[in-house]
Amino acid sequence: MSTKRPHISDHKWEQVLKSMDRREFIVTSAAAGVLTMVPRFAQAAADTYRLGLLLPVTGTGANYADGGIKAVMNATAAINAKGGFLGKHPIEVSYRDTHTKPDIAAREARDLISRENVQTIVGTYSSACAMAIQEIIHERKILHLAATSNSSKIVNENFTPYTYQFCPNSKMQSGSVVVAVAEMIKKNGWKTYVTIGQDYEWGRDTQKGFVTALARKSPATKLKKELWFKLGETEFSSYISAIMASKPDFAYGAIAGKDNRTFIRQAQAMGLFKRVAYPGGLISVTEMQQQRKSLPRGMIGLARCPFFAHLDQPLMQKYIKMHRAKHDAYPTDWACMHYDAIYGLEQAIDKIGNIGTEAVKAALKGATMDTCRGKATFRDCNNQLNIPAGYVGAVWDSPDYPFPIFNPDTMIIVKAEEVWTPTCDDVRKLQKKRA
Amino acid sequence: MLLDPGVIFGQLLGGLSRAMILFLLSSGLSLTFGVMNILNFAHATLWLLGGYITFSIFTYFGEFLGENGWVLALAIVFGTSIMVGVGYLIERFLIRRMYGRELPEQLLLTFALILIIGDLIKLVWGVEDRSIYLPIEPLEMLDTYVNPYYFVIVSSGIAVAAGLWWFLQKTRYGMIVRAAVYSRDMVSALGIRIPLIYAGVFALGIGIAAFAAGVFLPLMPMALGVDIDLIIQCFAVVVIGGFGSILGTFVASIIVGVVYSFSILIWPDGALAVVFLIVIAVLIWRPWGLFGTELRY
């Protein structure tokens with residue numbers, strides 16, 4: 001770390017973040033950890049808004065979390081440059097690594113609440129981690145902004161009024177893929193398919209959402225085989241051979257993070273995509289950037305919050321400008337959703353003029369806010385933001401970027417209302433199961 | 001479907017590839033334990049570090065020479081050499097102090113190494129995955145597609161196995177290493193410097209791990225946490241094969257890899273369970289492993 005930045009105070013985020021990169025973030029986090037051992041001044045405690053950031057820098061989710069961490073740091077730095085929330089409540093971010101493991105996420109959430117007195121926890125990435133902390137935040141009455149954790153259970157079966165979901169949930173996401181896949185089934189006469197997914201909450205929920213929605217939309221299409229692999233799998237050849245051996249017309253993957261990158265890389269080298277169509281797998285801006293050379297062109301993928309789909313939105317323009325200035329890179333889906341979470345929180349606080357948790361929670365309830373994906377409203381019955389459910393498109397080389405994006409001419413943007421749990425009565429029935 | 005030669009070939013090759021990945025990683029672990037009685041829990045983390053170093057060397061040379069297989073081979077040579085040095089230093093300054101200590105103390109030290117190396121990786125390379133791209137075109141064989149790079153991995157595994165066998169059985173140094181397994185005092189009494197033997201063996205184990213990491217780079221990204229997933233599988237392999245037995249590690253890797261691969265085809269939900277059922281069976285009926293010796297156990 002530079003000697004010019006020896007102290008990290010609540011008011012100096014801007015200076016700190018100006019030249020911060022990933023490595024320095026780790027050093028900074030360590031320094032922040034040391035600072036927590038120093039007694040705090042009473043005035044600072046009263047003025048400060050304490051924000052807990054729970055994201056993994058270890059495990060399969062680390063690949064996406066990088067964007068989220070940068071976004072939260074950038075957004076809070078920008079807000080702090082104006083004096084903080086309402087111009088007088090500087091934000092202090094306490095970061096913890098979940099290791100993409102629910103038990104660690106729960107432990108760190110408890111610690112953030114007990115020792116750091118955070119008022120809001122943002123992040124979590126893994127749905128399993130998000131669900132693990134929901135009991136805690138519900139009991140301790142702490143806000144939870146699920147920026148990217150998207151199991152549908154987070155807002156349905158496991159619902160708590162303290163959680164607000166800024167990303168499309170897994171059922172919405174699967175539903176949006178089904179919209180595109182159903183068209184392809186009709187066009188290509190596909191009859192059978194195979195699924196492969198990560199064997200944990202999100203993978204299971206996403207696969208189930210896809211299979212259920214497809215059965216409704218295209219009942220003649222049969223599921224031949226389900227393959228599940230443990231999180232962090234490094235060797236997919238046996239799975240890929242098994243998919244090819246089943247001779248399906250297409251395969252659907254509920255895979256994210258590092259595993260997604262490894263799977264696509266190995267599947268491509270094994271010729272899976274030459275033999276079996278693979279529509280609707282997660283291809284976020286992270287994959288587009290990291291696999292710019294190898295990502296099969298024309299492959300149909302799904303993104304959650306791709307910057308190039310909303311270049312006309314003022315907030316997206318702001319995020320892109322901010323991100324490029326700080327990191328010389330375009331924001332990933334995971335960054336955009338975290339920017340929206342922080343600026344969503346700011347909008348709620350601005351609306352009511354105070355930072356009290358219960359008041360902010362009430363302000364977010366059913367709120368309509370500006371996001372990088374346009375104006376969006378939280379669904380009254382489960383706090384799900386009605387941002388687009390999915391962006392389904394074909395990987396395409398754009399002359400405007402040094403990596404491929406989805407071809408804008410053919411990209412389908414599916415509205416939330418088309419694919420989410422149809423009525424609030426249906427949602428409430430699911431929520432009753434939690435009690 | 002199961003009798004389709006293409007299907008059998010595909011699963012077999014996939015299983016062998018997994019087997020060789022496990023062997024390349026486990027052989028150093030087994031060797032270190034067999035010779036030095038040190039259970040190096042950080043073995044896979046040192047493998048990961050080797051992967052990151054090889055990645056950086058590949059990227060550096062790739063800028064001048066282009067990113068291709070030759071540059072990868074060069075990077076593997078440099079990466080492995082650096083990690084041999086790292087392994088030597090770790091043995092010299094840390095592991096050496098653990099000889100004769102209880103297993104929990106060894107585990108504590110090597111677990112501390114996992115945390116330290118993990119943080120070092122975060123500081124130097126950040127938290128994003130690191131991998132390299134080689135344009136590998138699939139090969140059509142027996143009515144199925146295979147990744148030709150799997151032949152490189154399988155060949156590497158066989159070459160390392162053969163090299164280790166030759167080294168341990170046919171060279172003077174190898175004979176000293178084997179003798180040291182059974183009687184350190186006697187070897188020492190012959191005027192042979194046991195600490196040097198141990199340092200060499202530890203460095204060799206880490207070198208094989210680093211070599212493996214370089215070979216895997218075109219297939220799998222190096223990422224924090226992968227090491228922990230892999231070390232558990234490595235322990236399963238060495239338990240089945242027998243700690244200290246290179247032949248046992250080789251055979252156990254093939255058993256685990258091939259059984260896992262065909263289980264995915266036949267009973268995908270139980271593939272991992274089948275592997276650990278084998279581990280349980282071995283622990284009950286032959287706790288010293290298929291090729292381990294009761295003396296060692």
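This is a predicted model: local features need pLDDT of at least 70, side-chain atom pairs count only at pLDDT 80 or more; totals for chains, interfaces and linings use all residues.
Figure 1. The accessible surface of chain A amounts to about 15300 Å², and carbon and sulfur atoms account for 53% of it. Of the 435 residues in chain A, 66% are buried. The secondary structure of chain A consists of 17 helices and 15 strands. Counting contacts in chain A between residues at least 6 apart in sequence, 70% link residues at least 24 apart.

**Figure 2. The contact between chain B and chain A.** Chain B contributes 53 residues to the contact and chain A contributes 45 residues. The size of an interface is often expressed as the accessible area lost when the parts come together. Between chain B and chain A the buried area is about 4100 Å², with 53% given by carbon and sulfur atoms. On the chain B side, Val127(B), Tyr133(B) and Tyr145(B) lose the most area to chain A, and together they make up 15% of what that side buries.

Figure 3. The number of salt bridges between chain B and chain A is 5. Lys274(A) is joined to Glu137(B) by a salt bridge, with 3.4 Å between the closest N and O atoms. By residue class, the side of chain B that touches chain A has 29 nonpolar, 12 polar and 12 charged residues.

**Figure 4. Two residues of chain A with positive phi, Thr124(A) and Asn383(A).** Thr124(A) is not a glycine, yet its phi is positive, at about 85 degrees. The loop that holds Thr124(A) runs between β3 (120-123) and α6 (127-140) of chain A. With a relative accessible area of 0%, Thr124(A) is buried. Asn383(A), also not a glycine, has a positive phi of about 60 degrees. Asn383(A) is found in the loop between β12 (374-377) and β13 (390-396) of chain A. Asn383(A) counts as buried because its relative accessibility is 0%.

**Figure 5. Salt bridges within chain A and within chain B.** Over all chains, the structure holds 24 salt bridges. In chain A, the side chains of Asp199(A) and Arg204(A) form a salt bridge at 2.8 Å, N to O. Asp199(A) is partly exposed at 39% relative accessibility, and Arg204(A) is partly exposed at 34%. Another salt bridge connects Asp259(A) with Lys258(A), where the closest N and O atoms are 3.2 Å apart; both Asp259(A) and Lys258(A) are buried. In chain B, Glu105(B) pairs with Arg101(B) in a salt bridge whose closest N and O atoms are 2.9 Å apart. Glu105(B) has a relative accessible area of 32% and is partly exposed; Arg101(B), at 40%, is partly exposed. Arg96(A), Arg107(A), Glu108(A), Asp111(A), Arg115(A) and Glu116(A) are joined into one network by salt bridges that share partners.

**Figure 6. Glu63(B) in helix α2 of chain B.** Helix α2 of chain B covers residues 43-65 and includes Glu63(B). Glu63(B) counts as exposed because its relative accessibility is 65%. From Glu63(B) to Ser155(B) the C-alpha to C-alpha distance is 28 Å, and the two are 92 residues apart in sequence.

Notes: Residues are numbered from 1 along each chain as its sequence is written. Chains are lettered from A and ligands numbered from 1 in the order in which they are written. Side-chain values use heavy atoms; hydrogens and water are left out. Helices (H or I, at least four residues) and strands (E, at least two) are DSSP runs, numbered from the N terminus. Buried means under 20% relative accessible area, exposed over 50%, partly exposed in between (1.4 Å probe, protein chains only). Contact means heavy atoms within 4.5 Å. Accessible areas come from the Shrake-Rupley method with a 1.4 Å probe; for residues, only the protein chains shown count as cover. Buried area is the accessible area (1.4 Å probe) that two parts lose on being put together, summed over both. A salt bridge is a side-chain nitrogen of Lys or Arg within 4 Å of a carboxyl oxygen of Asp or Glu. Ala, Val, Leu, Ile, Met, Phe, Trp, Tyr, Cys and Pro count as nonpolar, Asp, Glu, Lys and Arg as charged, and the others, Gly among them, as polar.
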